[in-house]
Structures are given as C-alpha cells and as structure tokens.
There are 2 protein chains.
Amino acid sequence: MYIDCKSIARTIDEETLSLTSKNRARLVSLAIEPDEGTISYLKSQQKKAKSLNIDHETFVLEDVAALRQKLLELSKDETVHGIFVAHPLPKGIDEFEIASLIDPNKDVEGRNPVNLGKLMYGEESFAPCTAAAVVEILSRNMDLQGRNVVIIGRSNTVGLPLSIMLLRRDRSATVTVCHTKTRNLEEKTLQADVIVVAVGRAAFLKPEVVKDGAFVIDVGINVVGDKVVGDVDPEVEKKAIVTPVPGGVGVVTTAILMNRVARTASRGGQA
Amino acid sequence: MYIDCKSIARTIDEETLSLTSKNRARLVSLAIEPDEGTISYLKSQQKKAKSLNIDHETFVLEDVAALRQKLLELSKDETVHGIFVAHPLPKGIDEFEIASLIDPNKDVEGRNPVNLGKLMYGEESFAPCTAAAVVEILSRNMDLQGRNVVIIGRSNTVGLPLSIMLLRRDRSATVTVCHTKTRNLEEKTLQADVIVVAVGRAAFLKPEVVKDGAFVIDVGINVVGDKVVGDVDPEVEKKAIVTPVPGGVGVVTTAILMNRVARTASRGGQA
C-alpha cells in the first residue's frame, strides 16, 4: 500500500497560501556550477513558489567567494525570508562554513549548525526539511511512541537529525541508525515497525527484509534510465505501507520549505 | 572486569599540564541557588583546576538576570577561557536560552546549540563533555566499527550527542537510543556489544540483560545513603567490562573539561 503524501503536501500548501495572502514572502536560491539535475530542480522550485504566491529568484554564482558574499548580503536583506543553497556544491567547498553563513532565521532548509543543535533542545522550526517531511508523514499516520524505527543512512540532512527528532518526548520512538558498516542489517530491519531508507541506491530495500505491515519511508531519489525511482524495491509495497517516489517525501519536503518561507515572512523575518 | 578510567584521565591531565605550563588558563564557574551536591562538586572542580595550574573562580548569582549579565561579560572577557554553568538550574529557567549565551569557544561543557549542531558536521572540539568522555573511553578500548551500541537515555548532554558522535565515519558504530518508552529493552541490550547507561537510577542495569563480555559504560551518579553509585548493578562486572562509579566516566569528563580550558588558552581564546 502506498501512503498518500500529496494530500499531506496539499494541507501544508493551503496554510502557506493563507499566509502569503497576508504577507509578501520571498525565497532566494543560490547555486554554483549547477548540473542538469539541479537546474531542473530549481525550475520546479520556482514554479512551486509561484503557485504559492512566493517571490522567487535564482542566482548562479561564479565561485565560493561570490557565494559567501551573496549569503552575507541576503542574510542582512530584510526583504528576503528564505535562502536556499543548491547541493551538491562543487568539490572542495566547505559545506559547514557555507551553512554557517546562512542567517539561521532564513535557513529554510535547516543546514546551519545552530538549527541542527536546536533539535537536541526539542526546537524544530528550522529542522532539516527532508527530516521534517519524514516526521510529518509518520506523525500523520501513526503513534510513534515505543515503535522501533530503523533509519538507514547517516547524513546530516536526513539520518542524523531525523534520529534526534523521532526521540523527542512527544514522539518517543526507539531509534536505530544503520549505515554501510552495519552488520546484519536485515536482522534490524526485520524487527522494525518503521524503516526510513536514505541511501541513494535504486531498489536497495528488498521485501524479504521488511516485516509485514511495516511503514517504509523512501527518501531516495535515483535516476534510472529516464525514470526517477526511490531506494525501495517496488515489491515492498505488496507487504508494507510505503511512500511512493516520485510524489512522496519529496513533495512534502518542498511544501515544508515553502511553508517556512511564508511563516518567516508572516513573523516579519523572525523565527 | 573494570575499565581503568583513571589512567585515561591521567594521560589527558598530562597534556593539560604541558599546555598550562606555557599559557595561563582560566575557568569561571557560575551557579544559582547551588544545592549541597553542586557546592561539593564545585569545590572538587576548583581543587582539580588548581592541580592542573588552571585559575578557577566560582560566582554564585542571585537570579537568572544576574546569570545572563555575567555570561555576556565573561563571553567577552579575553582572560576567560572556559565558562561552566552548574546544573541543575532552578526550575523555570530556560536552559536553551542560557546555553545560547555562552560563547561557543568557551563552552567547555558543550551546551551551546551551535556546538551540538557541529557534531552533525563531525566537528567535536566542544562536544558535550560527558559524551566526549564516553567516546574517549570506548575508543581507547575497542574498534567501534560495526559494533552494536545501545544507549539508554536521551538527554542533550549524553544520549543524543553521543549517538551522533558514535556514528561518525571514523567510528561507525550502529547506534540504538532507548529510553523510558522503549519496549522490550532487554532484547536490545542482550544484542549489544556496548551498552551506555545514563538513566540516573541505582543498579538499573541488571546482569541478566547483558551479553557476556559486553562493554558497559556507566554514566550514572546516584547517592544511596552515604555512597555514590552508578546505574549499573555491581553484579554486571562479573560477566562484562564495566566502567566503575566513582572513578569512571566522571574523572574522564573532568579531565576533558580542564583540557579544553587549557587548549582554548593555548589557542589564544579561539577554537
């Protein structure tokens, strides 16, 4: 069975539209040497922003010095409510340094270390967007208390922040984070009530390692031929409750990102 | 079997002494309404600082306004290399706000959210002290890669930051965080190569839920009658490798805290 993520995104979008009908909101996206995937993503982001009455601009910058400069400028600019930096950045750029330059109150993606640290105090207003989307989808579909959640992947955009968020007292899942060095992964996934897969490999999660009726959240976005597929084998859907790709975590993530721009604007730029 | 934590602390202390022989270092501790335990802790901290040639002062402040003021002042004061705020703070004080006022580069305990967030980027120079002590003890005793680590407790001083630290690529443990809402805790601890207990209940971890030969890190400090005991039942030591209480995680934590003061001083106040 598939989870209907589009309806979750719609609910969030409705709130966003209600906010942008009252306050002008503006999102600025930055990229260096964008590849085809990034360009196509930024175009769809622009379209989505427009549909939600959010002003949107994209700047393609020459190098890291120009990116730094622009980040400082946008962080100060009171007419800007959200700053997005397209990833992956070219090799050699210090992602930590770049993330630290984004004003935490405009950090709609949740990359600034202060926003990551706040998670450990239970403060999630600028949690990493994708992790926030996973929490949103799970919270709307189940009571997480005491559930065994297995997260596969330990990135600072999904696995690590998500683990902290699912442990928060109002959720209280029991969380295991797995990765390439994990031994006997299948023993862990077979005991899981919820599996979150964020590894970036098409059809990585096979049905034989998933418990009947488990919730499976597919964070993967992989291009195979001319198709976009997730990290979960399509067969898993026959025994478990799965988020689709495309039209799953991604649409909720975008809805949350836009919602934050609108919320920041409605607070006059303050979190 | 017990792990010799005092020798680990001594090794760290030697480095600290070598640093303080070259650069004057100064630690300032703050408290509001300190109880007996806090007063006794601050006294032993002062003694320890003295033995390591670190200047130490304690200020007992009247209220949260005075604490805020003092934190701002000390954060700016270039002669101060470490700021310690005694916990627990009186009820009603926003710990997040207080932690945010400590200059991240003098935050020797690792409470400022920016220092917590840096952990997700692999940057640990101001990781929470107790979590850092656990990592130090484990790293000196085993290769963590692929080991199943079960952490019991989800505080922002131990459980949460420790989970992120043990997942870092140079360690690569598989980490499960458990807590009061975890179901069938014993199933998880019995599969664990390493158990970290930070629950604050004397003799909480019983031998029958621990695998033979497992590493058990006891973070508990509980006063029972006139004795200080940990969270681990003394019987566990007969089948597992355990850190003692007292003389375990605590002494390594203090050694790390002092070492950070000395390091910050030797860098001229910068991280």
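Why does Val245(A) count as buried? Val245(A) has 22 C-beta neighbours inside 10 Å and therefore counts as buried, the threshold being 20 or more. The structure is a predicted model.

**Surroundings of Val245(A)**

- Val245(A) is placed in the loop between strand E10 (241-242) and H9 of chain A.
- Leaving aside residues up to four places away in sequence, Val245(A) touches Asp218(A), Gly220(A), Ile221(A), Val228(A), Val229(A) and Gly230(A).
- The C-alpha atoms of Val245(A) and Asp218(A) are 7.2 Å apart in space, although the two residues are 27 residues apart in sequence.

**Domains and sheet of chain A**

- In the domain assignment, chain A comprises domain 1 (18-106) and domain 2 (129-250).
- Between the C-alpha centres of domain 1 and domain 2 of chain A there is a separation of 28 Å.
- Chain A has an open sheet of three strands in the order E2-E1-E3, and the pairing is parallel.
- At the edges of this sheet are strand E2 (54-61) and strand E3 (82-85) of chain A, each of which pairs on one side only.
- On average, neighbouring strands of the sheet are turned by 20° against each other, direction ignored.
- Eight bridges link strand E1 (residues 25-32) of chain A to E2(A) in the parallel sense, and Ile32(A) stands opposite Leu61(A) in E2(A).
- Helix H2 (residues 36-51) of chain A packs on the sheet and touches E1 and E2 of chain A. The direction of H2(A) makes about 160° with that of E2(A).
- Helix H9 (residues 249-266) of chain A lies across E1, E2 and E3 of chain A, at about 130° to E1(A).

**Sheet and strand pairing in chain B**

- The open sheet of chain B is formed by three strands with parallel pairing, in the order E2-E1-E3.
- Strand E2 (54-61) and strand E3 (82-85) of chain B each have a single partner strand, so one side of each is left without a neighbour in the sheet.
- From one strand to the next, the twist averages 20°.
- Strand E1 (residues 25-32) of chain B pairs with E2(B) over eight bridges in the parallel sense; Ala25(B) has Ile54(B) as its bridge partner in E2(B).
- Helix H3 (residues 64-76) of chain B lies across E1, E2 and E3 of chain B and runs at about 170° to E1(B).
- Elsewhere in chain B, strand E4 (residues 148-152) and strand E5 (residues 174-178) run parallel and are joined by five bridges. Asn148(B) stands opposite Thr174(B) in E5(B).

**Contact between the chains**

- Chain A contributes 29 residues to the contact, and chain B contributes 29 residues.
- Helix H5 (113-118), helix H7 (159-167) and strand E5 (174-178) of chain A each supply at least two residues of the side that touches chain B.
- H5(A) gives the most to this side of chain A, with six residues.
- The same surface serves both copies, as 100% of the contact residues of chain A recur in chain B.

**Buried elements and the nonpolar core**

- The largest nonpolar core has 170 residues. Those with the most contacts inside this core are Val134(A), Val196(A), Val216(A), Val134(B), Val196(B) and Val216(B).
- Val196(A) touches Val134(A), Val149(A), Ile151(A), Ile152(A), Leu162(A), Ile217(A) and Val219(A), when residues up to four places away in sequence are not counted.
- In soluble globular proteins, nonpolar side chains tend to be buried together.
- H7(A) is mostly covered, with nine of its nine residues buried. Among them are Gly159(A), Pro161(A), Leu162(A), Ser163(A) and Met165(A).
- E4(B) is likewise mostly covered, with five of its five residues buried.
- Asn148(B), Val150(B) and Ile152(B) point one way from E4(B), whereas Val149(B) and Ile151(B) point the other way; all are buried.

Notes
Residues are numbered from 1 along each chain as its sequence is written. Chains are lettered from A and ligands numbered from 1 in the order in which they are written. This is a predicted model: local features need pLDDT of at least 70, side-chain atom pairs count only at pLDDT 80 or more; totals for chains, interfaces and linings use all residues. A nonpolar core is a set of buried Ala, Val, Leu, Ile, Met, Phe, Trp, Tyr and Cys residues joined through C-beta atoms within 7 Å. A residue is buried if 20 or more other C-beta atoms lie within 10 Å of its own, exposed if 12 or fewer, and partly exposed in between; C-beta atoms are placed from the backbone. Two residues are in contact if their C-beta atoms, placed from the backbone, lie within 7 Å. Two strands pair if DSSP finds at least two bridges between them. Helices (H or I, at least four residues) and strands (E, at least two) are DSSP runs, numbered from the N terminus. Axes are lines fitted to C-alpha atoms, for helices over the stretch in contact, and angles run from 0 to 180 degrees between N-to-C directions. Domain bounds come from an automatic or database domain assignment.
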